[in-house]
Amino acid sequence: MLKVLITCVWLLGSTYGAIAHAASVVFLNPGMSTETFWVSYAQFMQAAAKDLGLDVRVRYSERNTQNTLVQAREALQGAERPDYLMLVNEQYVAPQILRMAEGSGVKLLIVNNALTPDQKQMLDARNDANWIGSLVPDDEQAGYLMLTDVLRQHGPVAPGSPLDLLAFSGAKNTPAAQLREQGLRRALAEHPEVRLRQLVYGEWSRQRAFEQATQLFKRYPQTALVWSANDEMALGAMQALQDSGRVPGKDVLFSALNSSPEILRARLDGRLTTLVAGHFTLGGWAMVLINDDAKGVDISAHGGRDRQAALFQLIDAGQAQRLLGPTPTVDFRALSAVGKPATYRYPFSLQLLLR
């Protein structure tokens, strides 16, 4: 009987120890706490953390960079510091946080928007000593896919009849927006029949894009195509077109990025011609990297310190319908590099949810 009690106490102690030593993570979410993309991003990340046994706390900046800096300071210099801080280089905020982290003992993982080459040059070895790496999606390819696919679906253009295009980019000082623009311009270079009439910065906002599009459709009445760097801006531009008495998907073809329920339904009902999605999963894959680092894995040995994951893909009607349903269960622990050979590469992909 005594032996059984001792065994039970040992097991309880072991369990408590495992819980007490679960790696803790604070995620500085740059979005709004009501913003569909960033909420779904956090939910997928939290599902991964639960599967992996990580303790995660999400803090929203409400699209305010000063809030991000205050939250970073609290995490890095407060009494209860996490083991890891996960951040986005939105509005170029990462270097300030890296400097803040010096001597804190907190490890940093940058996601979605990596450091720019200029920012890397400005940082010295002390600043990035806590930085374990970055994980970003292939934003340039996403921008390219959006235009090339909507053109494919439009069909041939008669010689001497250019197609007028309007483009809505995100926040100007955000690497993801800049890379998506680069992809757009690569596609434009391949398609001289397309005439970019104007590119504006919608700041990821539906209302701002609606106001911009209301004026732009008047200024360029022959607009045939609209390229939007996210779903909210596309939906705002669609509303502006409808208010002018025209039909999205018929009079003007729209392309967009993201996988909110509203944009998925627009893809299904034909108002949206082209949809690219997949990077809402990135936070979940980041949890796999943090889990492995906490277990002593050199994650840079399995794909480099700065890694880009091919997460974006074109979403057809069938895939849009699947994404509207319950989120499929993902075995995040099976993706870990623990116990895997040196040649192992993390298989992060939207296909893990769509298969």
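**Local geometry, sheet order and helix packing**

Glu 62 is partly exposed, its relative accessible area being 32%. The model that gives this value is a predicted one. Glu 62 belongs to the loop that runs between β2 (55-60) and α3 (65-77). Its phi is near 60°, which is a positive value in a residue other than glycine. A positive phi of about 70° is also found at Asn 112, again not a glycine. Asn 112 is placed in the loop between β4 (107-111) and α5 (117-122). With a relative accessibility of 6%, Asn 112 counts as buried because the cut-off for that class is under 20%. Glu 62, at 32%, falls between the limits of 20% and 50% and is therefore assigned to the partly exposed class.

His 21 occupies the loop between α1 (2-20) and β1 (24-29). Its relative accessibility is 69%, so His 21 counts as exposed. Along the chain, 33 residues separate His 21 from Leu 54, while the C-alpha to C-alpha distance of this pair is 9.4 Å. Leu 98, by contrast, is buried, with a relative accessible area of 1%, and is part of helix α4 (residues 94-100). The C-alpha atom of Leu 98 is 7.9 Å from that of Asn 130, a residue 32 positions apart from Leu 98 along the chain.

The sheet was considered next. Six strands form an open sheet in the order β7-β6-β8-β9-β10-β12, and the pairing is mixed. Its edges are formed by β7 (194-201) and β12 (313-314), each of which pairs on one side only. Within the sheet, β6 (residues 163-169) and β8 (residues 223-228) are paired in the parallel sense through five bridges. In this pair, Leu 166 is opposite Val 226 of β8. Helix α9 (residues 231-243) packs on the sheet and touches β6, β8 and β9, with its direction at about 160° to that of β9. Helix α7 (residues 175-190) lies across β6, β7, β8 and β9 (253-257) and runs at about 170° to β7.

Strands β9 and β10 run parallel and are joined by three bridges. Ser 255 has Thr 274 in β10 as its bridge partner. In a regular strand, side chains alternate between the two faces of the sheet. Strand β10 (residues 274-277) is covered on both faces, with Thr 274 and Val 276 buried on one side and Leu 275 and Ala 277 buried on the other. The loop between β9 and α10 contains Ser 260. Ser 260 is buried, at a relative accessible area of 6%. Leaving aside residues up to four places away in sequence, Ser 260 touches Thr 36 and Asp 231.

Packing between helices was described for two pairs. Two packed helices are characterised by the angle between their axes and by the distance between the axes. For helix α10 (residues 261-269) and helix α12 (residues 317-324), the axes come within 9 Å and cross at roughly 150°. The two helices are therefore roughly antiparallel to each other, and their crossing is left-handed. On the α10 side the contact involves Pro 261, Leu 264, Arg 265, Arg 267 and Leu 268, which meet Ala 317, Ala 320, Gln 321, Leu 323 and Leu 324 of α12. By class, the residues of this contact between α10 and α12 are seven nonpolar, one polar and two charged.

In the second pair, the axes of helix α6 (residues 139-154) and α7 come within 6 Å and cross at roughly 40°. This angle makes α6 oblique to α7. The crossing of α6 with α7 is right-handed. Residues of α6 in the contact include Asp 139, Glu 140, Tyr 144 and Leu 147, and among those of α7 are Leu 179, Arg 180, Leu 184, Ala 187 and Glu 190. The contact of α6 with α7 comprises seven nonpolar, five polar and five charged residues.

Terms used
Residues numbered from 1 in each chain as written. Predicted model: local features only at pLDDT ≥ 70, side-chain atom pairs only at ≥ 80, totals over all residues. Heavy atoms only, no water. Helix = DSSP H or I, 4+ residues; strand = E, 2+ residues; numbered from the N terminus. Buried < 20%, exposed > 50% of the residue type's maximum accessible area, 1.4 Å probe, protein only. Pairing = 2+ DSSP bridges. Contact = heavy atoms within 4.5 Å. Axes fitted to C-alpha atoms, helices over the stretch in contact; angles between N-to-C directions. Parallel < 35°, antiparallel > 145°, perpendicular 65-115°, else oblique. Left-handed = near helix turned anticlockwise from the far one by under 90°. Nonpolar A, V, L, I, M, F, W, Y, C, P; charged D, E, K, R; others polar.
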